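I opened a structure file today and kept notes on what I looked up. The entries follow in the order I made them.

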Amino acid sequence: MRATVVCAIVLLLLGVSPARADGDEHRDLQALIDGTAEGAILDLEAGLYAGGVTIDRPLTIRGGSAAIVDAGGEGTAIQIDAPDVTIDGLVVRNTGRSLDRENAGISVNASRATITNNVLESVLFGIFLRGSVDSVVSGNLVGSVDVDIARRGDGIRLWESHRSQVTDNVVTDGRDVVLWFSDDLVVTGNIVEGGRYGLHFMYSDGARVVDNRLTGNSVGAFLMYSRNLTLNDNVLADNQGPSGYGLGLKDMDGVSAEGNRFVGNRIGLYLDNSPWSGDVYQHFTHNLFAYNQIGVAFLPAVERNVFTRNAFVDNGEQVSIQGGGTLTGNEWAVDGTGNYWSDFAGYDADGDGIGDVTYRFEELYSTLTDDHPELRFFAETPSARAVTLAGEMFPVFRPRPTVEDPAPLVTPPEFASLDTGRGNALQIMVAAIVMLALAGLTTAGGRRPMRRHGVA
């Protein structure tokens, strides 16, 4: 458990209350920083400190979750212009609202920053790294401001910050988590919800995206113009915006996705010109696609994607070709092993776990909706079922199969449970509420309140 959460719970059990913000005099944090020697540790006492500070030398600032840095609604709360700076255990809040000036809770313009265990509340941008190579952003709870989503800043943004780590953060109700022009990132254990893009990659090669929970956003993750990304054991659920992708891939090369859960999205996985190199294959293994309106959607020219040992469970449409056409050049079985399809009506006479007939997805109504998406309004109606039945009964109406899996699994793989890890998110958020209450944030005005997972 994070150090700040442990501290907050201990204080609560001991009946200790930190200084409240309302009516307190703002202490001069800039004077304390200026009076701290290079490389030293500045431990802040509980209380309220004036934001708008700049750190121009390597040092560590620690707050124990009871030191509140308030920017007073103007500018950036903490700006870091020196390498090797650590900000740990602060409450940072109440930034300015200027998108063009990129007002942020914590803004970093130097390498090897360590931003850990902080609470950021009523901030436009949360944590913003520019050229901050080899940095760590971990264990932070990042909120936002109470404005329309397009006018919010990004909860976490990295720009040209190679080899950085973004781990175990909770980001709620922001705009995006943006990772641009930053190679060899490690992005693990984060919870992102209530925003626009849970993760938005561009021009960032070699990233490892593991064990994240991207739920209730417009899009779970959208990855663009990057190479050699690994996505393992992530949950991408209930992303229901206008596009509503759990995961979107555009002009990506060399993606490997294993053990992910795509549940309850408009489209679980969307593939646009990915891979884009003629000699590159992408692999999707042991993933669960369940209860999405569409499990996997392809643009017609997409090729060289390999699917094996995945489970497709009760999606409205298992696989779709967006805009019509036929789907060729992708593989649905490897070494005699395909995928599990909940609507497979075949048999397994020899008991080897592999269906003895090919699975084909060739639903007439789904083919019509691929060409005319507006017809999805009538899905699951008697009229839609009648169209599908006509395609099954009269070969003249039967469309070409969208998918042909020559070796379908007859039972779902053991990994294919529907646990989306929300219990872990609940535990983190409940602990975060304790920390927010102890910091006296419940009386702060003009903030966007945390929500979901029991947060008011």
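Entry one, a strand pair. I looked up V108 and found that its bridge partner in strand 10 is L129. Strand 7 covers residues 104-108 and strand 10 covers residues 125-130; four bridges join them, and they run parallel. I noted that two strands pair if DSSP finds at least two bridges between them. Strands are DSSP runs of E with at least two residues, numbered from the N terminus.

Entry two, what I am reading. The model is predicted, local features need pLDDT of at least 70, side-chain atom pairs count only at pLDDT 80 or more, and totals for chains, interfaces and linings use all residues. Residues are numbered from 1 along each chain as its sequence is written, and side-chain values use heavy atoms, with hydrogens and water left out.

I found W159 in strand 13 (residues 156-159). W159 counts as partly exposed because its relative accessibility is 32%; buried means under 20% relative accessible area, exposed over 50%, and partly exposed in between (1.4 Å probe, protein chains only). W159, F181 and Y203 form a nonpolar patch on the surface, with about 270 Å² of accessible area together. A patch takes residues with over 30% relative accessible area and no salt bridge, and joins nonpolar side chains within 5 Å. A salt bridge is a side-chain nitrogen of Lys or Arg within 4 Å of a carboxyl oxygen of Asp or Glu. Areas come from the Shrake-Rupley method with a 1.4 Å probe. E160 sits in the loop between strand 13 and strand 14 (165-167). Its phi is near 50 degrees, a positive value in a residue other than glycine.

E102 has phi near 55 degrees and is not glycine. I located E102 in the loop between strand 6 (86-93) and strand 7. Why does E102 count as partly exposed? The reason is its relative accessibility of 23%.

S274 and P275 are joined by a cis peptide bond, with omega about 0 degrees. P275 lies in the loop between strand 28 (267-272) and strand 29 (282-285). Most residues other than glycine have a negative phi, and most peptide bonds are trans.

Technical notes
Patch = residues over 30% accessible without salt bridge, like charges linked within 9 Å, V, L, I, M, F, W, Y side chains within 5 Å.
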